[in-house]
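Student: I'd like to go through this model with you. Can we put it up first?

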Amino acid sequence: MTHRVVVVGGGIAGAVTALRLAQRGHEVVLTERSDHLGGLVVSFGVAGTPLECFYHHVFPHERHVISLIDELGLGSRFEWRPSTVGVLTGGRLWPFTSPVDLLRFGPLAPLDRVRAGVGALRMTRIEDWEPLDAVPALEWLAGLTGGRAAEVIWEPLLRAKFGPASVDVPAAWIWGRIHQRTGGRRRGGERLGYIRGGFRQLFDALHAALAHAGVAVRTSTPVGRILTNGARVVGVEAGGQELESDAVVFAGTLPGLAPLLAEDLADPGWSAIGGLGVLCVVLEMAAPVSSIYWTNVCDRALPFGGVIEHTNFVPASDYGGRHVVYVSRYFTPSEDVARADPAEEAANWVDALDDRFPGFDKRNVVAVHPFRTPYAAPLVTVGHLGRIPRVRSHIAGLYVCTTAQIYPQDRGMSEGARMGSETAALIDADRAVVTDRQ
């Protein structure tokens, strides 16, 4: 008997779920509200080359997306490239890639640098992260690296990412970020991966693979309701049509799940986990700003948290000689930036860069492209581990596959690919059990 599954959401998790289910013999329909697959991996053109609206790269330990890139025939275009990190504080940009950089970091006194370095080394050796879910990140960081390092580095970084919610961020989250970055470091420095020509190619290839596997891909098709009969799903209402199915996978943003179900069926926990939006301003420049790829902004006078100079990672020649700079700020729904006009905010940011970022000259700005999304990542707070939704939900046939479940990781294509493969395997196993009973 044919087993039909509808996958809601065409980001990496939904697309991989659909592909793996089809490869296991299921009949699959993939619905996506926008006109393309990819979720946040959406692109625009710079000198004819697709560029991500929201910066993306791959860490060396992210084997799931690396394997997918190879599987889809893109391995020859995927490159490992050197990366550098900096910290901007007090109007000065400090290199922050190696232990030597930390020892030269002027905003900390010599003894504070040593304590911060020893604490950072201890962090990398912690394997059991789950107890850190109950500990506020800033408290944990101050205890390991010292109060001065927490004040100069960690508190501004957490505030830039989480805004007013930063005091409630669990140490497990920062543990995940530290292990992510240390996974990218090898002798000779940090290396990150990128598909030359942009990650749009990954989703173009996924779309083709889905079609080849027999998946019915329906873009520009928002789902209005998940249909149920009692406490079992029976399909979805999508694009004005009812699609019957034996199972539904929700692979969108978690806050969007509850509104698709009757109020008495929705799990209140799905709505209890908030989200972070992001404003990302992409600048095309006539000249480079610095020699650093990723700058963490720890300067309270600046209204953003990160400056990512893409063409210090990928050659400017890929973009017709234009130098590409991302300027980013995460936000909670209550912050003003969530409602501000993106173009006006971008203009303010350019002025702020010109005033306080070393090497930036707004006369070199050729074009400004602001992009904003209300949900880029889950808002994790202390105790998040106990709030993570189950993949197999309490409603028979409904599976949940979202970024809110990849904790202590934050987001990322590899975690999405992993979740998609694991969700497909779970559905297939559940189907096998039902078949055996029949």
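Student: Is tyrosine 55 buried or exposed?

Tutor: Tyrosine 55 counts as buried, because its relative accessibility is 10%. Buried means under 20% relative accessible area, exposed over 50%, and partly exposed in between, with a 1.4 Å probe and protein chains only. Note that this is a predicted model, where local features need pLDDT of at least 70 and side-chain atom pairs count only at pLDDT 80 or more, while totals for chains, interfaces and linings use all residues. Residues are numbered from 1 along each chain as its sequence is written, and side-chain values use heavy atoms, leaving out hydrogens and water.

Student: How many aromatic pairs does the structure hold?

Tutor: There are 15 aromatic pairs. Rings of Phe, Tyr and Trp (its six-membered ring) pair if their centres lie within 6.5 Å; planes under 30 degrees apart count as stacked, over 60 as edge-to-face and the rest as tilted. One of the pairs joins tyrosine 55 and tyrosine 326, with centres 5.7 Å apart and planes at 75°, so it is edge-to-face.

Student: Where do tyrosine 55 and tyrosine 326 sit in the chain?

Tutor: Tyrosine 55 is in the loop between strand 4 (49-52) and helix 2 (63-71), and tyrosine 326 is in strand 18 (residues 323-331), so the pair links distant parts of the chain, 271 residues apart. Helices (H or I, at least four residues) and strands (E, at least two) are DSSP runs, numbered from the N terminus. Tyrosine 326 is buried too, with a relative accessible area of 1%.

Student: Which residues do ring pairs link into a cluster?

Tutor: Tyr55, Tyr194, Phe199, Tyr293, Trp294, Phe313 and Tyr326.

Student: Other rings now. What sits over the ring of tryptophan 94?

Tutor: The charged end of arginine 92 does, 3.7 Å from the ring centre. Likewise, arginine 177 lies over the face of tryptophan 173, 5.0 Å from the ring centre. The criterion is NZ of Lys or CZ of Arg within 6 Å of the ring centre and within 35 degrees of the ring normal.

Student: New topic. Where is histidine 310?

Tutor: Histidine 310 is in the loop between strand 17 (306-309) and strand 18. At 2% relative accessibility, histidine 310 counts as buried. Its C-alpha atom is separated by 17 Å from that of lysine 362, 52 residues apart along the chain.
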